[in-house]
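The sequence and the structure come first, and the text follows.

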Amino acid sequence: MPLDDPAHPAGSDYVSAEEAARLLRIKPQTLYTYVSRGLIRSVAQLDRKQRLYYREDIEKVRARSVVRHGQGAMAESAMRWGGQPVINTSITEITPEGPLYRGRSALDLARSGCSLESVGELLWTGVLHHEPVHWDHEPLPPEFGSMMDGVALHGPRLPIARTYALATSMLGVAETVGNEIRRGTTIPAARQLVRALAGCFGYLGRRPGFRTPRPGRGIAESVASVFHSKPGAEVVAAINQALVLCADHELSSSTFAARVAASTGAELRACVLAAIAAHSGATLGGGCDLAEDLLRGARTRGDLTQRLAAAERSGARVPGFNLPVYPKGDPRARHLLLLAQSLGQQSERAQLIGAFIEEAEQRLHMRPSIEVGLVALTAALGMPERSASALWTLGRTVGWMAHVMEQRLAGFVLRPRARYASAG
């Protein structure tokens with residue numbers, strides 16, 4: 001049941017302390033205890049002492065309080081952000097220090113220079129290769145680039161999520177024999193799909209077009225070469241670290257979509273299409289785009305303060321901050337922000353993005369999430385807008401496919417039940 005808060009209407013993402021306590025039927029002291037335990041997040045207000053509290057967290061706590069009334073309430077609570085686990089997985093565990101991939105720290109893998117290809121093999125097979133891994137044995141169909149350009153370059157520029165969906169579908173069109181399930185070629189098909197999506201970065205370049213990855217080039221280098229004729233090792237390493245940190249994050253909404261499709265026996269690319277569609281939403285991959293939109297045109301710190309104040313007055317959440325599973329801050333975002341700062345001379349756009357994040361942290365006590373970390377890093381690398389969401393989706397594809405493989409082995413169909421609630 002949606003919350004009814006007269007002071008902050010349903011369109012607002014926040015409620016006041018008084019309203020939160022009233023809606024939960026608790027004392028203010030209990031509310032502060034929930035906040036200290038990380039159950040409810042709060043944000044400061046510009047030029048005000050009172051804090052605001054996340055409406056979705058209030059809903060989650062209230063849903064948990066009614067679980068004792070039956071299994072239906074328990075199931076509904078489990079399906080919400082932060083509910084109880086509903087699926088067993090051996091792929092990724094979320095910890096306060098960031099995700100663990102098959103028991104290995106994603107941050108350590110990124111820092112050590114482990115390539116996205118090696119992380120993909122780790123997630124798919126459980127084996128971490130210490131020697132360089134190249135996916136040249138799964139080339140794209142010869143006509144694939146021209147097929148993509150024939151559609152993607154016809155008319156207005158497509159959003160990157162649609163371009164990825166197009167490439168995923170086109171691979172199916174170009175395939176002339178049975179699908180990967182019948183042929184037993186799921187992992188080669190997975191490698192080929194990642195290479196195809198990497199080629200889609202060409203549509204973000206100055207001369208848009210599909211860029212077929214060259215033999216011998218890794219995924220990160222293929223991406224970097226779109227924006228730099230001779231990308232340096234530092235640039236390639238930074239892009240690779242971002243891709244590795246994006247590779248998986250347990251059971252996100254997009255991953256769940258991929259697993260639902262996989263449980264029905266859908267082909268690998270169909271499962272990835274379901275995931276791309278879910279990931280394109282404003283609260284996932286689209287969050288990078290919203291953060292860039294919020295910053296577009298800002299030229300001074302004063303502009304940034306005004307935009308933060310406008311977002312606060314509207315009751316809307318500032319995109320790219322305060323991910324629920326990291327009450328003390330997203331370690332992936334912190335790493336990406338430090339990486340962006342280490343890249344030397346920053347463009348005016350990169351400096352403004354850094355100032356915006358600093359302003360949100362200091363004045364509103366907001367903690368950056370991976371979205372703004374990616375936005376800051378791509379700006380520091382001189383990559384155009386929409387590169388952040390493109391990197392996130394490309395990296396996450398290897399995780400989606402790992403979950404597809406795991407769900408197939410589970411051998412059951414994911415089909416939750418709904419509890420009918422009469423409109424009358």
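Helix α6 is followed by G126, a residue whose phi is positive, near 85 degrees. In this predicted model, helix α6 covers residues 116–125. Nine of its 10 residues are buried, so helix α6 is largely enclosed by the rest of the structure. The buried residues are L116, E117, S118, V119, G120, E121, L122, L123 and W124.

Another part of the chain holds a pair of helices, α13 and α14. Their axes come within 8 Å and cross at roughly 155 degrees. Because angles over 145 degrees count as roughly antiparallel, α13 is roughly antiparallel to α14. The crossing in which α13 passes α14 is right-handed. By class, the contact between α13 and α14 has eight nonpolar residues, three polar residues and no charged residues. The table lists the residues on each side.

| Helix | Residue range | Residues in the contact |
|---|---|---|
| α13 | residues 253–263 | S253, S254, A257, A258, A261 and A262 |
| α14 | residues 268–279 | C271, A274, A275, A278 and H279 |

An α-helix has 3.6 residues a turn, so residues three or four places apart point the same way.

How confident is the predictor? The chain averages a pLDDT of 87, and 91% of the residues score at least 70. Over residues 1–9, pLDDT stays under 50. For residues 1–9 the model has 27 contacts beyond four places in sequence. Where pLDDT is low, the predicted coordinates should not be read in detail.

How values were computed. Residues numbered from 1 in each chain as written. Predicted model: local features only at pLDDT ≥ 70, side-chain atom pairs only at ≥ 80, totals over all residues. Heavy atoms only, no water. Axes fitted to C-alpha atoms, helices over the stretch in contact; angles between N-to-C directions. Helix = DSSP H or I, 4+ residues; strand = E, 2+ residues; numbered from the N terminus. Parallel < 35°, antiparallel > 145°, perpendicular 65-115°, else oblique. Left-handed = near helix turned anticlockwise from the far one by under 90°. Contact = heavy atoms within 4.5 Å. Nonpolar A, V, L, I, M, F, W, Y, C, P; charged D, E, K, R; others polar. pLDDT = per-residue confidence, 0-100. Buried < 20%, exposed > 50% of the residue type's maximum accessible area, 1.4 Å probe, protein only.
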